[in-house]
Amino acid sequence: MMQVSKKEDFLINFTYNTNKIEGSELSLTDVENIILYGKQPRNAKEDDIRECVGLYTTMKTLMSNFSFDVEPDFISIIHYNIFSESKPFAGRFRIKPNESVVIMDSHKNIVGETSPPDLVYEEIE
(Lines give C-alpha, C1' and ligand atoms only; values in the text may rest on other atoms or scores of the structure.)
Protein backbone atom coordinates (compact mmCIF):
# COMPACT_ATOMS: atom_id res chain seq x y z
CA MET A 1 0.00 0.00 0.00
CA MET A 2 1.21 3.49 -0.76
CA GLN A 3 2.17 5.71 2.17
CA VAL A 4 -0.97 7.45 3.42
CA SER A 5 -1.68 9.99 6.15
CA LYS A 6 -3.10 8.97 9.53
CA LYS A 7 -6.41 10.49 8.52
CA GLU A 8 -6.51 8.54 5.25
CA ASP A 9 -5.51 5.34 7.05
CA PHE A 10 -8.31 5.94 9.57
CA LEU A 11 -10.84 6.49 6.76
CA ILE A 12 -9.81 3.33 4.92
CA ASN A 13 -9.96 1.17 8.04
CA PHE A 14 -13.20 2.80 9.19
CA THR A 15 -14.75 2.12 5.79
CA TYR A 16 -13.57 -1.50 5.79
CA ASN A 17 -14.67 -2.26 9.36
CA THR A 18 -18.03 -0.50 9.14
CA ASN A 19 -18.95 -2.20 5.88
CA LYS A 20 -17.66 -5.59 7.11
CA ILE A 21 -19.95 -5.37 10.13
CA GLU A 22 -22.82 -4.74 7.71
CA GLY A 23 -21.96 -7.88 5.73
CA SER A 24 -19.65 -6.60 2.99
CA GLU A 25 -17.49 -9.29 1.43
CA LEU A 26 -14.69 -6.86 0.50
CA SER A 27 -11.30 -7.48 2.09
CA LEU A 28 -9.21 -4.66 3.52
CA THR A 29 -6.98 -4.95 0.42
CA ASP A 30 -10.07 -4.62 -1.80
CA VAL A 31 -11.10 -1.45 0.05
CA GLU A 32 -7.57 -0.02 -0.23
CA ASN A 33 -7.48 -0.76 -3.97
CA ILE A 34 -10.90 0.81 -4.56
CA ILE A 35 -10.11 3.94 -2.56
CA LEU A 36 -6.45 4.50 -3.38
CA TYR A 37 -6.24 3.23 -6.96
CA GLY A 38 -9.82 3.07 -8.26
CA LYS A 39 -9.37 -0.66 -8.90
CA GLN A 40 -12.48 -2.78 -8.42
CA PRO A 41 -12.14 -6.44 -7.48
CA ARG A 42 -13.36 -8.74 -10.25
CA ASN A 43 -15.91 -10.80 -8.35
CA ALA A 44 -17.06 -8.20 -5.85
CA LYS A 45 -20.72 -7.38 -5.42
CA GLU A 46 -21.63 -4.04 -6.97
CA ASP A 47 -23.47 -3.01 -3.79
CA ASP A 48 -20.36 -3.70 -1.69
CA ILE A 49 -18.32 -1.45 -3.98
CA ARG A 50 -20.96 1.30 -3.97
CA GLU A 51 -21.27 1.21 -0.18
CA CYS A 52 -17.48 1.29 0.19
CA VAL A 53 -17.18 4.36 -2.01
CA GLY A 54 -20.27 5.96 -0.48
CA LEU A 55 -19.15 5.59 3.11
CA TYR A 56 -15.57 6.64 2.37
CA THR A 57 -16.68 9.71 0.41
CA THR A 58 -19.22 10.72 3.05
CA MET A 59 -16.76 10.38 5.92
CA LYS A 60 -14.01 12.17 4.00
CA THR A 61 -16.39 15.06 3.29
CA LEU A 62 -17.51 15.15 6.90
CA MET A 63 -13.96 15.10 8.19
CA SER A 64 -12.79 17.77 5.73
CA ASN A 65 -15.38 20.18 7.10
CA PHE A 66 -14.02 19.95 10.62
CA SER A 67 -10.60 20.73 11.98
CA PHE A 68 -9.38 17.95 14.25
CA ASP A 69 -6.91 15.14 14.53
CA VAL A 70 -7.98 11.54 14.92
CA GLU A 71 -6.85 11.19 18.51
CA PRO A 72 -8.02 9.07 21.44
CA ASP A 73 -10.25 11.84 22.85
CA PHE A 74 -12.01 12.29 19.51
CA ILE A 75 -12.59 8.56 19.15
CA SER A 76 -13.94 8.38 22.71
CA ILE A 77 -16.42 11.19 22.00
CA ILE A 78 -17.70 9.47 18.87
CA HIS A 79 -17.92 6.15 20.70
CA TYR A 80 -19.84 7.78 23.55
CA ASN A 81 -22.27 9.48 21.17
CA ILE A 82 -22.98 6.20 19.39
CA PHE A 83 -23.29 3.91 22.42
CA SER A 84 -24.28 6.08 25.41
CA GLU A 85 -27.88 4.86 25.31
CA SER A 86 -27.07 1.19 24.92
CA LYS A 87 -23.70 0.22 26.37
CA PRO A 88 -22.22 0.77 29.84
CA PHE A 89 -18.72 1.12 28.35
CA ALA A 90 -19.67 4.01 26.03
CA GLY A 91 -16.82 6.46 25.54
CA ARG A 92 -14.02 4.36 26.95
CA PHE A 93 -11.50 2.04 25.42
CA ARG A 94 -11.55 -1.56 26.46
CA ILE A 95 -8.66 -2.13 28.83
CA LYS A 96 -9.08 -5.70 30.06
CA PRO A 97 -7.56 -8.55 28.03
CA ASN A 98 -10.94 -10.29 27.77
CA GLU A 99 -12.56 -7.19 26.25
CA SER A 100 -11.21 -7.70 22.73
CA VAL A 101 -13.77 -7.61 19.92
CA VAL A 102 -13.90 -9.83 16.88
CA ILE A 103 -15.75 -9.33 13.60
CA MET A 104 -17.54 -12.39 12.28
CA ASP A 105 -19.02 -13.16 8.91
CA SER A 106 -22.48 -14.64 8.44
CA HIS A 107 -21.05 -18.14 9.03
CA LYS A 108 -19.57 -17.15 12.41
CA ASN A 109 -16.01 -17.21 11.05
CA ILE A 110 -13.76 -14.59 12.61
CA VAL A 111 -12.71 -12.26 9.80
CA GLY A 112 -11.16 -9.46 11.81
CA GLU A 113 -10.55 -8.17 15.28
CA THR A 114 -9.94 -4.90 17.01
CA SER A 115 -6.62 -3.93 18.50
CA PRO A 116 -5.79 -5.74 21.73
CA PRO A 117 -6.62 -3.48 24.70
CA ASP A 118 -2.97 -3.01 25.67
CA LEU A 119 -2.08 -1.73 22.15
CA VAL A 120 -4.99 0.66 21.49
CA TYR A 121 -3.21 3.90 22.37
CA GLU A 122 0.00 2.82 20.62
CA GLU A 123 -1.85 1.95 17.41
CA ILE A 124 -3.80 5.21 17.41
CA GLU A 125 -0.55 7.15 17.47
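Which residues does Glu-8 touch, not counting residues up to four places away in sequence? In this predicted model, select Glu-8 together with Ile-35, Leu-36, Tyr-56 and Lys-60, which are the residues that Glu-8 touches once those up to four places away in sequence are set aside. Glu-8 lies in helix H1, and Glu-8 counts as buried because its relative accessibility is 14%, below the 20% limit for that class.

Next, select helix H2, residues 28-37, where Val-31, Glu-32, Ile-34, Ile-35 and Leu-36 are buried. If you then display helix H1 (6-21) and helix H3 (46-64), you will see part of what covers the buried residues of H2. Just after H2, pick Gly-38, which takes a positive phi of about 70°.

Return to Ile-35 and show its contacts, which, not counting residues up to four places away in sequence, are Glu-8, Ile-12, Thr-15, Cys-52 and Tyr-56. Ile-35 also belongs to the largest nonpolar core, a set of 16 residues in which Val-31, Ile-35 and Cys-52 touch the most other members. The elements that give two or more residues to this core are H1, H2 and H3, and H3 gives the most, with six residues.

Conventions: Residues numbered from 1 in each chain as written. Predicted model: local features only at pLDDT ≥ 70, side-chain atom pairs only at ≥ 80, totals over all residues. Heavy atoms only, no water. Buried < 20%, exposed > 50% of the residue type's maximum accessible area, 1.4 Å probe, protein only. Helix = DSSP H or I, 4+ residues; strand = E, 2+ residues; numbered from the N terminus. Contact = heavy atoms within 4.5 Å. Core = buried A, V, L, I, M, F, W, Y, C linked by side-chain atoms within 4.5 Å.
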